[in-house]
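Please show the sequence and the predicted model. We will then go through it in questions and answers.

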Amino acid sequence: MVSRINFPINGFSFYIATLMVVLSLEDRTGSLVFGFIGGLIMDLSTTADTPFGQWALVMTIMGYLFTINKESIGDYTDAPIAFIGFVSFASAFSLLVFVIIGTLLGQQIGGIFRNISLIFANTIWTLLIMPLFLPLIIRVRKALLTSREK
Amino acid sequence: MARGGGNRSRLLLVLLLVSSLFLITLDLRGVNLAGSIRGSVATVFSPVETLFSRLFSPIGNFAGDIRNIGQANEKIDDLNKEIQLLKSKEILDEDTVGQLNQLKNILDLAGRGGYKVVAAKVINRGSSATFKETITIDVGSSSGISRNMTVISDGGLVGVVKSVSSDTSVVLLMNDPSFKMGVRIAGTQSIGVLSGQGGNSYLLQLLDTTGEIKLGDKLVARGSDGGRPFVPGVPVGTVVEVQSNSSSITQNADVTASANLDRIALVAVVVSPPKFDPRDSLIPKPNPTVTVYVTPSPTPAPSN
């Protein structure tokens with residue numbers, strides 16, 4: 001549905017934003033594992049033209065960053081506005097890491113200005129749209145993972 | 001305990017990083033791990049994509065109309081007239097009428113060019129997260145589609161088929177930064193390379209040192225061997241700015257595409273190239289203008 005909407009500049013990735021929310025709420029090990037699995041799922045996308053495993057690498061790195069900064073991230077569920085800002089920044093950073101790794105692997109991903117505008121647009125749309133879905137994502141995660149946490 | 005937990009996290013991190021790098025290395029070495037899985041995923045999700053496309057295309061159209069709100073008044077007047085006309089004939093929704101017109105134009109272009117085509121609907125657009133400009137269409141190998149087939153719309157070239165599953169195909173759009181094709185300036189033998197740049201502007205590099213690019217020049221596809229990936233004669237774009245640089249070996253120009261890639265709903269995949277190169281016959285001809293010459297009649301001299 002998101003891809004049907006012709007956003008100005010470009011759209012945003014609902015999946016990446018959701019994954020960032022999940023990674024921020026997980027513990028150390030969970031961030032790494034969910035990051036790897038989430039990245040693998042992105043690699044299975046039919047429109048992905050990048051090497052299989054690239055998104056898995058990016059999301060594993062993001063999971064690691066969440067892991068080492070767990071104490072400073074704290075519990076953002078009590079500060080939703082800060083949480084949204086944090087998720088938007090994390091989404092943008094994951095896209096930036098993806099572009100850097102793609103460049104190192106010799107891929108043609110486009111010019112600098114185009115990529116920066118895509119990442120910037122993704123950040124803005126994540127900031128605007130994720131507040132609508134954040135409570136739902138947190139509730140779904142709680143419902144799915146309650147037994148494990150217990 | 002904390003140290004044990006930290007060691008375990010580090011070990012897990014190293015394991016996952018090595019796994020990711022291993023997968024990337026295998027893929028770059030040509031071991032196609034994901035090909036069959038992506039094909040299966042595409043087959044499984046194609047009915048879902050088609051359903052979502054039907055359900056949510058009004059949302060996409062609404063978002064587009066918000067962006068063009070300044071032109072809405074004129075469009076509203078046109079639509080009101082069309083509604084009255086449709087009410088007097090049959091009840092057809094605006095979306096269907098628009099798509100029928102688009103399909104008619106596509107088939108007209110294909111017919112004039114001698115292309116054998118399979119019409120398709122766009123059911124998905126590539127995610128911005130992949131930094132690729134792609135669309136997904138609702139025809140696949142079961143309809144005779146295979147990789148490296150040209151995709152056209154009523155305006156001209158759209159892209160080339162990148163991957164195929166049984167019921168869907170992914171098309172790489174011509175504005176993707178990795179897209180390059182050979183083009184010819186209509187009316188001349190000058191050939192060049194057209195490159196996508198990710199937006200609505202394209203770069204033309206003329207390979208012919210004796211040729212000249214002029215503002216308003218129309219570009220057509222030069223064609224490939226066997227018509228794969230590009231069939232000859234498809235309108236590609238128009239030159240809007242010529243970049244003159246005396247120190248440059250090649251001549252460059254900015255081009256806009258003939259097809260509107262932002263709002264395509266229907267396309268056609270060329271499954272069989274034409275027997276003869278249509279050359280410039282598919283370039284839309286400008287509407288003829290009438291020129292009126294007036295010769296003033298001499299004023300009679302006053303008689304005394």
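Q: How many bridges join strand E9 to strand E10 in chain B?
A: Strand E9 of chain B covers residues 218-221, and strand E10 of chain B covers residues 235-243. Strands (E, at least two residues) and helices (H or I, at least four) are DSSP runs, numbered from the N terminus. Two strands pair if DSSP finds at least two bridges between them. E9(B) and E10(B) run antiparallel, and the bridges joining them number three.

Q: What pLDDT do local features need in this model?
A: Residues are numbered from 1 along each chain as its sequence is written, while chains are lettered from A and ligands numbered from 1 in the order in which they are written. This is a predicted model: totals for chains, interfaces and linings use all residues, side-chain atom pairs count only at pLDDT 80 or more, and local features need pLDDT of at least 70.

Q: Which residue in E10(B) is the bridge partner of Val220(B)?
A: E9(B), residues 218-221, is antiparallel to E10(B), residues 235-243. The partner of Val220(B) on E10(B) is Pro235(B).

Q: Where does E6(B) meet E9(B): which residue is the bridge partner of Ile185(B)?
A: E6(B) and E9(B) are antiparallel, with three bridges. In E9(B), Ile185(B) has as its partner Leu219(B).

Q: Which glycine in the turn between E6(B) and E7(B) has a positive phi?
A: Strand E6 (residues 180-185) and strand E7 (residues 191-196) of chain B are antiparallel and share five bridges. Val183(B) faces Gly192(B) across them. The two strands form a hairpin with five residues between them, and the turn glycine with a phi of about 90° is Gly187(B).

Q: What is the average twist from one strand to the next in the barrel that contains E6(B)?
A: Six strands of chain B close this barrel in the order E6-E7-E8-E11-E10-E9, with antiparallel pairing. Axes are lines fitted to C-alpha atoms (for helices over the stretch in contact), and angles run from 0 to 180 degrees between N-to-C directions. From one strand to the next, the average twist is 40°.

Q: What is the average twist in the barrel E1-E2-E5-E4-E3-E12?
A: Chain B has a closed barrel of six strands in this order, again with antiparallel pairing. Its strand-to-strand twist averages 45°.

Q: Which residue of E12(B) is the bridge partner of Ala119(B)?
A: Strand E1 (residues 116-125) and strand E12 (residues 266-272) of chain B pair antiparallel over six bridges. E1(B) also pairs antiparallel with E2(B), over three bridges. There, Arg125(B) has Ile135(B) as its partner in E2(B). In E12(B), the partner of Ala119(B) is Ala268(B).

Q: Which residue in E5(B) stands opposite Thr136(B)?
A: Strand E2 of chain B (residues 134-137) meets strand E5 of chain B (residues 169-173) over four antiparallel bridges. Opposite Thr136(B) is Val170(B).

Q: How many residues does domain 2 of chain B bring to the contact with domain 1?
A: Chain B splits into domain 1 (35-173) and domain 2 (180-258), with bounds from an automatic or database domain assignment. Residues are in contact if their C-beta atoms, placed from the backbone, lie within 7 Å. Domain 1 of chain B gives eleven residues, and the number from domain 2 of chain B is eleven.

Q: At what angle do H1(A) and H3(A) cross?
A: The axes of H1(A) and helix H3 (residues 54-68) of chain A come within 9 Å. In this contact, Leu19(A), Leu23(A) and Ser24(A) of H1(A) meet Met59(A), Met62(A), Gly63(A) and Phe66(A) of H3(A). The helices cross at roughly 35°.

Q: Are H1(A) and H5(A) roughly parallel or roughly perpendicular?
A: Helix H1 (residues 14-25) and helix H5 (residues 80-104) of chain A have axes 9 Å apart and pack at an angle of about 115°. Angles under 35 degrees count as roughly parallel, over 145 as roughly antiparallel, 65 to 115 as roughly perpendicular and the rest as oblique. H1(A) and H5(A) are therefore roughly perpendicular.

Methods: Two residues are in contact if their C-beta atoms, placed from the backbone, lie within 7 Å.
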